[in-house]
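Please consider the structure shown here as a whole before turning to its details. The account below begins with the overall dimensions of the fold and ends with a single residue.

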Amino acid sequence: MWSAHALRVVEDGTEALVLAGRPGAEMLAPTTWIEWLLTGDETARARAMPNLADGNWRLDPWSWRNTAHLQWVPPELWFSVHAFYDPSDGHRLAHWYVNFQQPMRRTAIGFDTFDLLLDLVIDPDLSQWRWKDEDEYAHGRRLGVVSEADHRAVERARDEATAMIEERTGPFAAAADWRDWRSEPHWPAPSLPTGTLTVGLP
């Protein structure tokens with residue numbers, strides 16, 4: 001397990017699984033990632049990929065900070081769409097984000113996927129977007145973290161994701177009303193279930 005995130009299920013339908021997160025939600029994250037967030041030390045982040053390739057890392061508790069977010073996770077597709085909101089600024093939609101990942105699988109305590117390192121960051125009004133972490137993605141391919149089969153799937157997913165933006169479909173459609181979403185103030189911050197680190201182990 002590379003990380004764990006506590007999220008709230010908003011919708012579990014045939015078109016997509018919709019998940020919500022908010023500040024204070026529990027996480028387990030690699031210590032290198034936490035060190036990078038706390039210090040800004042890029043060498044700490046750089047150690048994460050070799051650690052993942054070698055199967056040598058440690059997870060520590062962390063909590064999500066600063067943003068609320070929705071995730072749209074369609075079955076069988078190799079990406080998810082995220083909308084990030086700023087609770088300190090009237091819950092303003094700050095940006096969209098496409099995360100390339102293996103298709104989501106259900107487990108006894110939630111859902112499982114594998115992040116494939118590449119991301120797409122999109123302006124709130126969908127007018128512009130930029131690819132993020134392409135160098136990290138290429139490094140992951142060299143180290144074998146991203147397999148050739150994964151890479152071929154990501155190449156197809158790139159086209160699918162950009163077509164959704166251009167055609168204003170899925171959560172990007174005006175009728176989806178994601179721009180006006182608000183997390184319910186009475187919702188407690190999600191917590192991780194018991195057995196997070198051992199689910200699926202023999």
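The protein chain has a radius of gyration of 17 Å, and because a compact globule of 202 residues would have a value near 17 Å, the two agree. It should be kept in mind that this is a predicted model. Along the principal axes, the C-alpha atoms of the protein chain fill a box of roughly 45 × 40 × 35 Å.

Within these dimensions, the protein chain has four helices and twelve strands. Contacts between residues at least 6 apart in sequence show how the chain is connected: 59% of them join residues at least 24 apart.

The division between interior and surface may be considered next. Of the 202 residues in the protein chain, 41% are buried. The accessible surface of the protein chain amounts to about 11,100 Å², and carbon and sulfur atoms account for 50% of this area.

His151 belongs to helix α4, which covers residues 148–167. Is His151 buried or exposed? Its relative accessible area is 15%, and because buried means under 20% relative accessible area, His151 counts as buried. When residues up to four places away in sequence are left out, His151 touches Tyr137, Arg141 and Val146.

Definitions and conventions: Residues numbered from 1 in each chain as written. Predicted model: local features only at pLDDT ≥ 70, side-chain atom pairs only at ≥ 80, totals over all residues. Heavy atoms only, no water. Helix = DSSP H or I, 4+ residues; strand = E, 2+ residues; numbered from the N terminus. Rg over C-alpha atoms; globule rule 2.2 N^0.38 Å. Buried < 20%, exposed > 50% of the residue type's maximum accessible area, 1.4 Å probe, protein only. Contact = heavy atoms within 4.5 Å. Areas by Shrake-Rupley, 256 points an atom, 1.4 Å probe, with all protein chains shown as cover.
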